[in-house]
Amino acid sequence: MKELKNMLKNIFKSPIIMVFVLICAFMLPNSINTMSIAFRSAIAVAIGIDKNTENKIVLQVAINVSSGADSLAENSKVLSATGDTVGEAFTSLNLMFGRSVKLGHTRFVMIGSKISAENVSVFIDRLIRTNKIRNTVQLVYCPNNIDEMFNMGVKLKSVTGIKLSDIVCHQQTNSTTSISSNIDSFFKGYLSPSGISKINMISISEDYTQGVSTTSDVGSSSSSDGGSEVGASGGESAEGGTSSSESDVSNKFISNRGKIAIYSSGILQTVLDEELSSGVNWLSKDYIPQDLLVKVDNSGKLKNSIINFDILNKNVELETFFFKNIPIMSAKILVSLSIDEIISENGNKVPLSYDMIDEGVKNSIGRTIRNKISKVSAKAKNSKLDLFEINNIFYKSNYYEYTKRLQEGMKKEDFIENTQISVDIEINIR
């Protein structure tokens with residue numbers, strides 16, 4: 001008893017020990033009774049946003065769930081909820097799952113076709129302000145049912161170990177994906193003079209050469225609680241919800257082949273196929289295409305042959321000026337190539353030899369690149385979409401003359417329609 005009294009006296013004499021004791025007395029019981037953040041939160045790795053036939057927001061969220069206490073392995077679960085707004089859909093999702101969905105580790109946001117008919121910047125801005133999603137999160141456009149796409153992604157991971165996010169976020173220079181499209185680049189385009197935002201497209205294809213597949217059946221189930229949990233197999237939910245019919249995806253593939261969705265002022269306008277996307281990228285300073293397929297039609301030994309080149313490097317220099325009030329954009333493209341394969345006119349492979357590359361071959365290369373650019377230019381003029389972001393280029397490189405023309409009554413659409421593009425190509429084959 002005497003020792004206890006001495007200990008208490010020492011505590012009261014020392015302010016530091018006294019503060020420590022008070023902290024422990026007040027905070028320790030509360031911390032013991034408080035649930036861990038791991039039990040209160042759910043980590044979303046992917047999000048899909050679209051609208052249904054009733055014009056309600058449909059939210060698809062892929063969540064990683066631990067497979068057991070003794071295992072570090074994770075299983076993907078896809079939760080679905082609806083609401084009149086994105087916030088209401090998230091609230092429904094939190095109530096259904098019993099946890100707060102966190103977006104700090106989200107890899108990508110998938111935008112559906114129905115919601116793309118509206119200004120999607122409103123929905124993305126809401127994710128930034130309220131859900132604190134990162135600006136570097138990838139954006140991808142999906143013209144198919146996002147529910148089915150997420151289902152295929154779950155099955156793909158369970159069977160092959162390949163994540164859907166790996167396909168969506170494959171942004172290296174040798175990628176089949178066209179551009180690096182994330183939230184930051186979307187708003188840069190949205191707020192730019194052109195108002196053009198470009199988003200990569202991912203789709204479900206029936207062509208086995210266009211993507212990857214699990215060659216398995218995938219289904220989904222929906223709950224009557226205002227949300228649903230979508231697994232790798234179909235069936236009726238335990239809550240008495242109705243089960244959607246299983247969709248046979250044994251002959252369907254997840255395709256990520258360089259198509260670009262073009263948004264103007266946040267609204268989807270068109271989707272460029274691979275050829276047009278390639279033409280856009282040839283005038284882009286930020287993107288290096290992977291390869292170039294050229295048909296030679298004016299050279300001796302290689303006449304009518306097809307040559308596939310690997311693109312080692314590409315550099316674009318742009319210059320803008322006005323000639324007799326006509327806007328001119330001059331592009332100089334310096335491209336370094338290496339020969340990958342040569343196929344002769346009769347279909348046989350030709351032994352690789354740089355001695356066979358003459359001026360005729362280089363002319364065919366230049367003509368191929370110019371044709372790609374010309375097709376995009378024609379589509380831009382017909383649709384009045386600033387596919388090359390000409391207004392941005394004039395604004396940055398020739399600000400005084402550009403703003404002067406706008407003040408004189410020239411419209412941004414006039415720059416798209418009237419700008420003459422001159423392309424000079426310097427080719428280095430090594």
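User: How many aromatic pairs does the structure hold?

Analyst: Rings of Phe, Tyr and Trp (its six-membered ring) pair if their centres lie within 6.5 Å; planes under 30 degrees apart count as stacked, over 60 as edge-to-face and the rest as tilted. The structure holds twelve aromatic pairs. In one of them, the ring centres of Phe186 and Tyr190 are 6.2 Å apart and the planes are at 10 degrees, so this pair is stacked. This is a predicted model, in which local features need pLDDT of at least 70 and side-chain atom pairs count only at pLDDT 80 or more, while totals for chains, interfaces and linings use all residues. Residues are numbered from 1 along each chain as its sequence is written, and side-chain values use heavy atoms, with hydrogens and water left out.

User: Is Phe186 buried or exposed?

Analyst: Buried means under 20% relative accessible area, exposed over 50%, and partly exposed in between (1.4 Å probe, protein chains only). Phe186 is buried, at a relative accessible area of 1%, whereas Tyr190 is partly exposed at 25%.

User: Which class, stacked or tilted, does the pair of Phe322 and Phe394 belong to?

Analyst: The ring centres of Phe322 and Phe394 lie 5.5 Å apart with planes at 55 degrees, so the pair is tilted. Both Phe322 and Phe394 are buried.

User: Which residues form one aromatic cluster with Phe322?

Analyst: Phe322 forms one aromatic cluster with Phe394, Tyr395, Tyr399, Tyr402 and Phe415.

User: What lies over the face of Phe322?

Analyst: A charge sits over a ring if NZ of Lys or CZ of Arg is within 6 Å of the ring centre and within 35 degrees of the ring normal. Here Arg405 lies over the face of Phe322, 4.1 Å from the ring centre.
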